[in-house]
Amino acid sequence: MVMAESGLRKGVALWVVLVGLGLMFAASMAYRVNNPSLARVNEETPAPRGIGQEQGGMAAGMGQAEIAAVAAQMARLKEDPNSLDALLTLGDIFIQGRQPAEALKFLNRARKVNDKEPRVYYLMGLAEFGEGHFAEAANNFESLIAITPEPAAEFSLAILYRHYLSKKEQGDALLRKVIDTPDASEDLRDKARQELARPAQ
């Protein structure tokens with residue numbers, strides 16, 4: 001029982017870390033858009049994070065502002081069922097609300113709209129992690145990195161490798177890459193150093 005509780009605490013802690021890294025990823029993507037020399041694809045500026053959950057039973061405990069925000073995105077989808085921004089925003093909403101299965105419904109649609117969009121794979125990685133599908137989460141981060149090397153995604157993938165997929169060497173290599181990446185934020189590089197000092201599980 002104690003071991004089960006410890007595992008649950010570890011999973012929740014790593015979930016918080018990974019979702020928090022989404023803020024870094026969003027900021028990085030926005031920076032790349034505004035600095036074309038750094039961009040490999042022409043991405044839209046990411047939508048604001050953490051704005052609520054969908055209406056009805058899925059919005060239990062949400063405030064009116066969050067419910068209204070989701071209603072607005074659903075209205076956009078009614079006008080344009082292939083709105084990539086609306087689909088990604090809704091996926092992000094459910095990730096922030098810890099409803100990864102709901103997030104994946106929108107993110108799978110987003111991937112069909114544009115399978116070259118890095119945000120699709122980052123959010124799908126987070127959602128699959130939340131579902132406990134660690135190999136699938138890793139596959140999504142790998143797909144993102146193949147499109148555009150991104151330190152936040154590399155850090156997330158390193159966590160999966162080291163703690164869930166028994167791939168310590170690959171995880172350590174990614175952490176060292178993040179530490180040595182000049183474009184990575186100092187906060188992320190510090191997190192990578194701390195993670196590298198921790199034993200893999």
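Reply: Start with one term: a contact means heavy atoms within 4.5 Å. Leaving aside neighbours within four places in sequence, E142 is in contact with L157 and Y161. Keep in mind that this is a predicted model.

Me: Where is E142 found, and why is E142 called partly exposed?

Reply: E142 is found in helix α6. Its relative accessibility is 30%. Buried means under 20% and exposed means over 50%, with partly exposed in between. So E142 counts as partly exposed.

Me: What makes F94 and F106 a stacked pair?

Reply: A search of the whole structure finds five aromatic pairs. In the pair of F94 and F106, the ring centres are 5.7 Å apart and the planes are at 5°. Rings pair if their centres lie within 6.5 Å, and planes under 30 degrees apart count as stacked. So this pair is stacked. F94 lies in helix α3 and F106 in helix α4, so the pair ties together parts that are twelve residues apart in sequence. Both residues are buried.

Me: Why is the pair of Y122 and F141 called edge-to-face?

Reply: The centres are 5.3 Å apart, with 65° between the planes. Planes over 60 degrees apart count as edge-to-face, so the name follows from the definition. The pair links distant parts of the chain: Y122 is in helix α5 and F141 in helix α6, 19 residues apart.

Me: How do you know whether Y122 and F141 are buried or exposed?

Reply: The cut-off for buried is under 20% relative accessible area. Y122 has 1%, so Y122 is buried. F141 has 0%, so F141 counts as buried too. Y122 and F141 are also among the residues with the most contacts inside the largest nonpolar core, which has 44 residues. Helices including α5 (118–131) and α6 (134–147) each supply at least two residues of this core.

Me: What is the nearest side chain of opposite charge to E128, and how do you know that E128 has no salt bridge?

Reply: E128 is found in helix α5. The nearest side chain of opposite charge is R111, 6.7 Å away. A salt bridge needs a side-chain nitrogen of Lys or Arg within 4 Å of a carboxyl oxygen of Asp or Glu. E128 is therefore buried yet without a salt bridge. Apart from residues up to four places away in sequence, E128 touches L104, H133, E136, A137 and N140.

Me: How many helices and strands does the protein have?

Reply: The protein has nine helices and zero strands. Buried residues make up 45% of its 201 residues.

Technical notes
Residues are numbered from 1 along each chain as its sequence is written. This is a predicted model: local features need pLDDT of at least 70, side-chain atom pairs count only at pLDDT 80 or more; totals for chains, interfaces and linings use all residues. Side-chain values use heavy atoms; hydrogens and water are left out. A nonpolar core is a set of buried Ala, Val, Leu, Ile, Met, Phe, Trp, Tyr and Cys residues joined through side-chain atoms within 4.5 Å. Buried means under 20% relative accessible area, exposed over 50%, partly exposed in between (1.4 Å probe, protein chains only). Helices (H or I, at least four residues) and strands (E, at least two) are DSSP runs, numbered from the N terminus. Lys and Arg count as positive and Asp and Glu as negative; His and the chain ends are not counted. Rings of Phe, Tyr and Trp (its six-membered ring) pair if their centres lie within 6.5 Å; planes under 30 degrees apart count as stacked, over 60 as edge-to-face and the rest as tilted.
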